[in-house]
Amino acid sequence: MGWEIHIHLIAAVSWIGGSVFMFILGISMRDKKDQQAVYPVVGPIFGYFEIGSLVALIITGTLMIINNGMINVLFDTNIHNIALDALRQKLIIVAIMTIITIVHTIIAFKTNGKERTKLETIISRASSMGIFILNFVVLHYAIIIRNIL
């Protein structure tokens, strides 16, 4: 494996660690004044950091798939093995998580420093919870793949 795995792992640690931190921050900050003081400052910094991490993950993951000659077998549904099936499942979860992240980020940047509507609040909290949970599902599949290889 080349340099891509190192960047991929650093980005994964950043993505998952940052998501866990923000999730814990979100559920532990009950005081509205504290939230209004922290989120408008920390939110955009975290958002750009997470976008960078996600982009690095997608780019390095794609490069590893291409460089290891996996691109053709990945889309050939007649070929199955434990590692390949785990990779396919991981990529589906990553795609779902990326869409959820885009929705969450749009709402977060649009409403930064403003009062959210009830719908925006529900979508934002649900997407945050989805990202939090799906991170561990992706990590699970990454561990399965690594154990096989």
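**Note on charges and fold in the predicted model**

1. The count of salt bridges in this predicted model comes to 2, where a salt bridge is a side-chain nitrogen of Lys or Arg within 4 Å of a carboxyl oxygen of Asp or Glu. Side chains of opposite charge can pair when their charged atoms come close.

2. On the conventions, residues are numbered from 1 along each chain as its sequence is written, and side-chain values use heavy atoms, with hydrogens and water left out. Because the model is predicted, local features need pLDDT of at least 70 and side-chain atom pairs count only at pLDDT 80 or more, whereas totals for chains, interfaces and linings use all residues.

3. Asp85 is partly exposed, at 24% relative accessibility, while Arg88 is buried, at a relative accessible area of 15%; here buried means under 20% relative accessible area, exposed over 50%, and partly exposed in between (1.4 Å probe, protein chains only).

4. Lys110 forms a salt bridge with Glu120, and the closest N and O atoms of this pair are 3.1 Å apart. The pair links distant parts of the chain, with Lys110 in helix 4 and Glu120 in helix 5 (residues 118-148), 10 residues apart. Lys110 is exposed, with a relative accessible area of 52%, whereas Glu120 is buried, with a value of 12%.

5. A surface patch of positive charge gathers Arg30, Lys32, Arg116, Lys118 and Arg125; patches are made of residues with over 30% relative accessible area and no salt bridge, like charges being joined within 9 Å and nonpolar side chains (Val, Leu, Ile, Met, Phe, Trp, Tyr) within 5 Å. The place of a charge is taken as NZ of Lys, CZ of Arg, CG of Asp or CD of Glu. Lys32, which lies in helix 2 (residues 32-67), is partly exposed, with a relative accessible area of 45%.

6. For the protein chain as a whole, there are 5 helices and 0 strands, and 33% of the 149 residues count as buried. Its C-alpha atoms fill a box of roughly 55 × 30 × 25 Å along the principal axes. Among contacts (heavy atoms within 4.5 Å) between residues at least 6 apart in sequence, 71% join residues at least 24 apart.

Conventions: Areas by Shrake-Rupley, 256 points an atom, 1.4 Å probe, with all protein chains shown as cover. Lys, Arg positive; Asp, Glu negative; His and termini not counted. Helix = DSSP H or I, 4+ residues; strand = E, 2+ residues; numbered from the N terminus.
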